[in-house]
Amino acid sequence: MIEHSLGEFEELVLLMVAAHHDEAYGVLILENLEEKLGKKINISAIHVALKRMENKGFVKSRFGGITNERGGRRKKFYAITALGKRVLDNQYALRTSIYQQIPKISFS
Amino acid sequence: MKPSPPHRALRFLRWFCREDYIEEIEGDLTEVFEKQYEQSQAKARRKFTWSVIRYFRPGFIKSFNTSYSTNTIAMFRHNFLLTFRNFKRYKGSFFINLIGLSTGLACALLIYLWVNDEVHMDKFLKNDERLYQVKQNIPTADGPLTTDGTPGLLARTLIDEMPEIEYASSAITSSWFDAQNGVISIGDTHFKAKAQMVEEDYFNIFSWNIIHRGKDRLLPDKYAVLISDELATRLFQRTENIIGKTITWKHEDFEGEFHITGVFEKPPANSSTQFDLLFNYEFMLEKDADNLEHWGNSGPCTYLLVKAGTNIEALNDKIRDFRKTKYKALVGTKYLEHIGTLFLQRYSDQYLYDHYENGVQSGGRIMYVKLFSIIAVFLLIIGAINFMNLSTARASRRMSEIGIKKTVGASRKALMFQFLGESMLMTLLSSMVAILIVALLLPEFNAITGKQIELSFSKEVISSILAITLITGLFSGSYPALFLSRLRPISTLKGKMDFSTGEPWIRKGLVVFQFVISLILIVSVLVVYQQIEFIQTKNLGYNKDNIMSFVREGQQDTGAEAFMNELKNIPGVVQASTFGHDLVGDYGGTGAVVWEGKKPDQRINFGNLEMDYDLIEMLEIEMVAGRSFSKELGSNRTQIIFNEAAIAAMGLEDPIGKTIKLWGQEREIIGVAKNFHFESFYEKVKPCFIQCYPDLQNILVKIKAGMEKETLTRIEDFYQKHNKELPFDYRFLDEDYQALYAAEQRVSALSKYFAGIAILVSCLGLFGLVAFTAERRLKEIGIRKVLGSSELGIIKLLSGDFTRMVLVAIAIALPLSYLVTREWLKNFAYRIDLAWWFFISAGIMVLLIAWVTVGIQTIKVARISPTECLKDE
């Protein structure tokens with residue numbers, strides 16, 4: 001059974017995939033995440049998340065063309081699926097609704 | 001140039017990573033690496049390796065089992081299928097290979113079983129490693145003579161004086177009792193049985209299984225006896241509750257009433273000694289004390305169990321002069337030079353290493369074991385060569401297959417694997433057929449070899465069969481695999497055979513090799529056969545025809561003389577007499593002959609044959625001078641006859657009438673007998689003398705030729721009348737004589753089969769090759785015929801090549817076989833000369849067989865109508 005749960009790191013990767021629609025691939029996601037989060041991430045973590053989400057059906061992938069870059073290896077581009085988008089929306093809605101319940105307290 | 005990521009890490013990644021992920025991952029990793037490389041090379045490398053290691057986790061590792069083996073299985077199935085299709089398509093060469101390999105394997109298996117049986121003789125004993133027998137080298141005029149006989153007190157003295165020895169026992173073995181079985185009786189039941197006399201410690205040395213025993217020791221007193229379970233069943237129909245029962249034993253050397261103290265399991269077939277009864281050695285020691293308790297005499301065997309870790313060399317040195325020392329202490333130096341030296345031989349070794357020359361171990365049964373092992377290997381090689389030749393010769397048919405496979409990307413290794421697999425499958429099939437053949441032939445084989453081998457599938461046998469099959473398969477597949485996998489795809493696809501010049505030579509060389517082996521075997525068979533024929537027809541110096549013998553035993557109520565007279569009067573009996581020995585190796589011996597002119601240090605061993613009146617005449621032993629014994633002419637007690645060899649050895653001239661001293665008594669020489677053979681042809685006729693005694697133990701009867709059957713019945717009736725309880729056991733002299741050469745006859749019978757098989761298999765191979773060549777040159781033949789070549793011309797063309805090969809084989813094999821057979825014949829003191837025609841006839845025979853084989857094929861091809869073979873292109 002493929003569960004519809006989404007881990008924290010997975011959510012970040014999924015967001016990144018959605019943000020760079022159909023142009024997202026491993027290294028791009030890695031660099032953008034590192035920039036946003038301000039910390040070093042191992043590429044393998046990205047791949048693990050991507051493969052998991054692909055199995056869950058949140059993202060789909062296609063190979064790019066052969067170039068002379070990357071030792072002649074093709075890039076694999078990821079795009080978010082409808083299911084992925086819905087999960088992301090649900091997650092966002094859930095968080096926002098809970099967030100809005102926070103009383104207006106001054107933290108000063 | 002782009003920097004390349006760490007080589008080893010990358011290879012590791014490629015090895016474990018899933019195929020559908022690898023491209024993406026490798027690409028991403030490389031990209032990261034390249035970017036980082038600009039900042040720090042070392043860090044980039046470290047990072048890359050670390051990342052690779054992080055991928056080593058479930059989900060990214062490919063499943064090795066399925067993905068890897070599906071390919072192997074697929075290739076395997078593919079190869080299997082191709083092999084079967086090839087078998088089906090080329091039935092001719094398939095059957096040639098099958099027959100060749102399976103006969104080769106069957107022979108190898110049979111020989112393996114035989115060798116295995118021989119090698120394991122006596123090895124089953126529990127203390128095998130530490131079990132030794134003392135042997136003795138007795139000095140004689142012709143050099144030391146090795147015997148089993150040792151002084152009767154040796155065992156008990158050795159155990160007292162040598163701390164290395166754990167147990168020791170003297171034993172009088174059944175062969176010592178003049179090879180005659182005694183008779184055992186209980187009431188009216190009588191059986192013949194083989195006996196041994198042993199000491200109590202014997203049971204600690206030999207691990208015979210004692211099934212039942214009394215509470216007491218096994219041999220508590222002189223009259224104790226142990227019997228085998230088989231004998232017990234025959235006597236009492238049971239093995240239990242017979243301890244304490246009394247049996248009566250009668251034998252020429254000793255007899256009496258004995259009580260049973262134990263039952264042992266009869267020694268298995270792979271024991272070299274066989275016996276039904278074990279008596280107490282003390283009995284004989286007391287009875288024959290003069291002989292047995294004196295260090296000047298030898299008789300019983302001595303068996304030892306040495307302590308674990310004993311240095312046998314050192315012990316050997318210690319006992320070498322043991323007997324001499326004892327003798328010297330007892331008698332002094334008189335005749336000391338005739339006292340033998342002692343040495344040890346492992347008990348289980350003496351079956352195979354049973355032949356001594358000049359006191360040194362030399363051959364024995366091990367020779368035949370080695371010989372047949374070599375033959376087995378050669379037969380296998382011949383079969384394997386057929387396979388090699390046929391499969392390389394047929395390579396042209398498979399050239400396109402090999403070419404295409406190579407173009408598609410098959411590696412040389414894969415092709416080698418395919419061809420090796422093919423040969424493996426072939427040998428595996430053949431070995432199954434071979435096992436079937438062995439199962440069918442085993443009874444026949446047992447009859448020839450005189451063994452009781454069974455085809456039991458023990459772990460050892462199965463693994464040996466597998467090993468033989470595997471090695472044969474590898475061997476026969478090796479050359480085709482190497483050769484076929486080397487072909488270059490371009491030329492093979494063009495249809496050109498790119499033989500480098502060496503290939504046909506190798507194939508021809510293999511054929512020559514096959515024929516060399518076959519020829520050597522054929523020549524050997526011829527020579528062995530001739531030698532045996534020679535032995536059997538040679539004038540022995542006596543006439544062995546129509547003479548039967550039986551042992552005087554049991555109650556002869558009428559007395560010896562009346563018994564003999566009655567026997568002589570039976571119709572059909574020409575003559576009857578008695579003999580103390582036999583003519584196939586059993587004779588007494590002594591050096592105690594003193595003659596006129598004997599030098600003080602001269603010693604000649606004389607054979608001592610005891611004969612009754614008329615025996616010399618009956619055996620037709622020719623007298624060169626003087627006369628034979630006669631009842632009318634003087635007392636036989638003071639007379640003696642020598643053979644020519646003895647007279648020559650003593651250097652007597654005009655011997656008739658002279659007197660000599662035998663054992664201190666004067667004897668008159670009344671005659672000289674022409675040399676006759678009284679033992680096997682391995683030995684020269686030795687000096688011997690004949691004494692006359694009436695009524696000896698072996699009764700010999702000469703029967704009128706042509707009346708054997710009815711006379712035998714009459715003699716049997718007569719015998720039964722006098723010995724009611726005893727079975728009538730008789731032998732013919734020529735049967736005894738044949739038995740003397742049982743080993744040679746086995747070798748001759750077996751080598752006949754093996755030579756036949758060798759030539760058959762070789763010819764099969766030749767047949768296959770000819771068939772193949774003819775097929776390939778079919779078009780050429782067609783054109784030749786169109787242009788007017790005659791059938792004969794074509795036959796010549798095709799068989800010329802093969803004739804040359806066989807001729808080369810003959811040229812190589814004949815000198816070799818000459819050497820081999822000459823070596824074998826050296827064993828015989830009396831032997832045939834190697835005549836040229838043995839070799840020539842063997843050569844011609846092989847050439848003819850080869851021609852017939854080639855001819856059948858070539859004639860068929862030569863007759864073919866040119867239109868047949870030229871019509872299609």
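Read along its sequence, chain A runs α-α-α-β-β-α, that is, four helices and two strands (DSSP runs numbered from the N terminus, helices being H or I of at least four residues and strands E of at least two). The model is predicted, so local features need pLDDT of at least 70 and side-chain atom pairs pLDDT 80 or more, while totals for chains, interfaces and linings use all residues. Residues are numbered from 1 along each chain as its sequence is written, chains are lettered from A and ligands numbered from 1 in the order in which they are written, and side-chain values use heavy atoms, without hydrogens and water.

Of the 108 residues in chain A, 39% are buried (under 20% relative accessible area, with exposed over 50% and partly exposed in between, using a 1.4 Å probe and protein chains only).

Chain A meets chain B through 24 residues, which are in contact with 23 residues of chain B (heavy atoms within 4.5 Å). The two chains bury about 2000 Å² between them, 47% of it on carbon and sulfur atoms; this is the accessible area, by a 1.4 Å probe, that the two parts lose on being put together, summed over both. Four salt bridges are counted between chain A and chain B (a side-chain nitrogen of Lys or Arg within 4 Å of a carboxyl oxygen of Asp or Glu). In one salt bridge, E26(B) pairs with R73(A) at 3.2 Å, N to O. On the side of chain A that touches chain B, α2 (26-37), α3 (43-56) and β2 (76-80) each supply at least two residues. The most comes from α3(A), with seven residues. By type, that side of chain A has eight nonpolar, six polar and 10 charged residues (Ala, Val, Leu, Ile, Met, Phe, Trp, Tyr, Cys and Pro are nonpolar, Asp, Glu, Lys and Arg charged, and the others, Gly among them, polar).

Over all chains the salt bridges come to 31. One of them joins D349(B) to K123(B), with the closest N and O atoms 3.7 Å apart. D349(B) lies in the loop between β13 (341-346) and β14 (356-357) of chain B and K123(B) in the loop between α5 (91-119) and β1 (131-138), so the pair ties together parts 226 residues apart in sequence. D349(B) is partly exposed at 24% relative accessibility, and K123(B) is partly exposed at 30%.

In another salt bridge, D148(B) and K135(B) have their closest N and O atoms 2.9 Å apart. Here K135(B) is buried at 7% relative accessibility, whereas D148(B) is partly exposed at 32%.
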